[in-house]
Each structure stands twice: as C-alpha cells, then as structure tokens.
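Please keep the sequence and the structure in view while reading.

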Amino acid sequence: MAQRYDTQIRQQQIVRATLKIVAERGISGLTTAEIAREVGIAEGTIFRHFASKNEILLATVRYIRDTLLGWSRARVAGGGEPLEKLGDILLFHLELFEQNKGIPKIIFSEQVHQHDENLRQLMSETIGEYMELIEAIIREGREKKQFRPDLDVSMVAATYLGLVQVNLLRWSLTGCQESLAGAQRQILRFLSSILQN
C-alpha cells in the first residue's frame, strides 16, 4: 500500500512540474529531463510512473478535468441561486487557470488539437461534461423563474464557455500578467443581461 501511495504522490509532483514548465517554456520546452530536474529525481524515475511524455500530458489534462469538474459538480449540487452558482463556477474556473498558467498553453496547444487522439478525446469529453453542468444551472434558473423561459439552454451554455475561453486565450497571449477577476465580473454581468427578464 505504501508503494501505491508513493506512486500517487510522485505522479502529482510530475503533473505539477509539467504545469510549471509549460507555463514558463510552453509544450515545446517540456521534456522528461526538465520534469525530472524540476521534481528533483533522475529522469529514469519518471518512466516508473509514466510510459511517455504523452502519458504525462494525459495525466495533466485529467488533473485539470478532475479539479474543474469535481469542484463544479459540488457547487451545482450545493445550495444557492442559479446565478450565484454560475458566478462561483466561473470564478473557480478563472482562478484555477490563473494559479496554473500552464493550463491554457496545454488546452490550446497543437498537441491537444492535432497530435494526440487520446488528449483530444479527453478534452472533448471534459468540455461536454462542463457544458452539461452549465446547462443544468440554466435549466434550474428557468424552473425557478429566475431566468427567461425562452432561453436556448445549449446556446447560452456555449456563449458562457466561449466568453471564458476567449478571455483565457487573450490572457494567455498577453503573458498571463493581469488578474482574471475583472473578466469574471464582465462575463457575469453580460450573462445576467441575457439570462434574466
């Protein structure tokens, strides 16, 4: 049992190192040698935990998915009004990226979009599950008569995600210098104008 625990800890360290390296150097600067140096282990030790760099990237995308979706599911199930839930999930999403500047460089990378079918599939599934959560909140708002009854739920959810993605992409392209808190307020204000009567 101790061996499994050590493996999980080491894998988490490797994922965190991956995010740090990608934030600083991009995916093209990510090597197993650099990851090993960041974690403070021999490069060969990496291969006891992951068979390849692509497996490390898959684990990193799983970490992003599990963190974002796990927190968001709990918030959807929790109390509060639908607009509050949307705002909280939006803030968590933006803060997660702000604290892990390598995330946008991974999710917008050519590696995810063109070079690895497993990465592309995992990212696609993650987006689908995230959209379902947002749609559930919008439906809840309609049922509670807090949101307009004529809303196209899937289109509003796509608008929500589009606003998040364009702000994250712009933030990433400008070197992740400014806080994303302002983007959260602007997105939520705009969504409120669409959702409410």
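## The largest pocket

H1 provides the largest share of the lining of the largest pocket, 5 residues. Helices here are DSSP runs of H or I with at least four residues, strands are runs of E with at least two, and both are numbered from the N terminus. Helix H1 (2–25) and H4 each supply at least two residues of this lining. The residues that line the largest pocket are Gln 8, Gln 11, Gln 12, Val 15, Arg 16, Phe 50, Ala 59, Arg 62, Tyr 63 and Asp 66. By class they divide into 4 nonpolar, 3 polar and 3 charged; Ala, Val, Leu, Ile, Met, Phe, Trp, Tyr, Cys and Pro count as nonpolar, Asp, Glu, Lys and Arg as charged, and the others, Gly among them, as polar.

The volume of the largest pocket is about 230 Å³. On a 1 Å grid over the protein atoms alone, a pocket is an open set of points with protein on both sides within 12 Å along at least five of seven lines, a cavity is a set where a 1.4 Å probe fits but cannot get out, and lining residues have an atom within 4 Å of a point. Grid points are joined across faces, edges and corners, and a volume is the space filled by probe spheres set on the points.

## Basis of the model

The model is predicted: local features need pLDDT of at least 70 and side-chain atom pairs count only at pLDDT 80 or more, while totals for chains, interfaces and linings use all residues. Residues are numbered from 1 along each chain as its sequence is written, and side-chain values use heavy atoms, with hydrogens and water left out.

## The chain as a whole

The protein chain has 10 helices and 0 strands. Its C-alpha trace spans about 60 × 40 × 30 Å along the principal axes. Of its 197 residues, 46% count as buried, where buried means under 20% relative accessible area, exposed over 50%, and partly exposed in between (1.4 Å probe, protein chains only). Among contacts (heavy atoms within 4.5 Å) between residues at least 6 apart in sequence, 67% join residues at least 24 apart.

## The cavity and helix H5

The structure holds 1 cavity of 30 Å³ or more, and the volume of the largest cavity is about 150 Å³. Helix H4 (53–77), helix H5 (82–99), helix H8 (117–143) and helix H9 (153–173) each supply at least two residues of its lining. H8 gives the most, with 4 residues. The lining has 8 nonpolar, 3 polar and 1 charged residues; among them are Arg 65, His 93, Phe 97, Tyr 130 and Gln 165.

H5 has 18 residues and reaches 26 Å from its first C-alpha to its last, close to the 26 Å expected at 1.5 Å a residue; the expected span is 1.5 Å times one less than the number of residues. The buried residues of H5 include His 93 and Phe 97. The buried residues of this helix pack against H4, helix H6 (102–107), H8, H9 and helix H10 (181–195).

## Annotated regions

Residues 8–68 are 80% helix and 0% strand, with end C-alpha atoms 19 Å apart. For residues 31–50, the span is 75% helix and 0% strand, and the end C-alpha atoms lie 13 Å apart.

Thr 45 is found in helix H3 (residues 43–49). Thr 45 counts as buried because its relative accessible area is 13%. Thr 45 and Arg 10 are 35 residues apart in sequence and 9.5 Å apart in space, C-alpha to C-alpha.

## Loop residues

Phe 147 lies in the loop between H8 and H9 and is buried, with a relative accessible area of 2%. Leaving aside neighbours within four places in sequence, its contacts include Pro 82, Leu 83 and Leu 86. Lys 145 lies in the loop between H8 and H9, but is exposed, with a relative accessible area of 68%.

Most residues other than glycine have a negative phi. Lys 145 has a positive phi, near 60°, and Cys 176 has a positive phi of about 55°. Cys 176 lies in the loop between H9 and H10 and is buried, with a relative accessible area of 8%.
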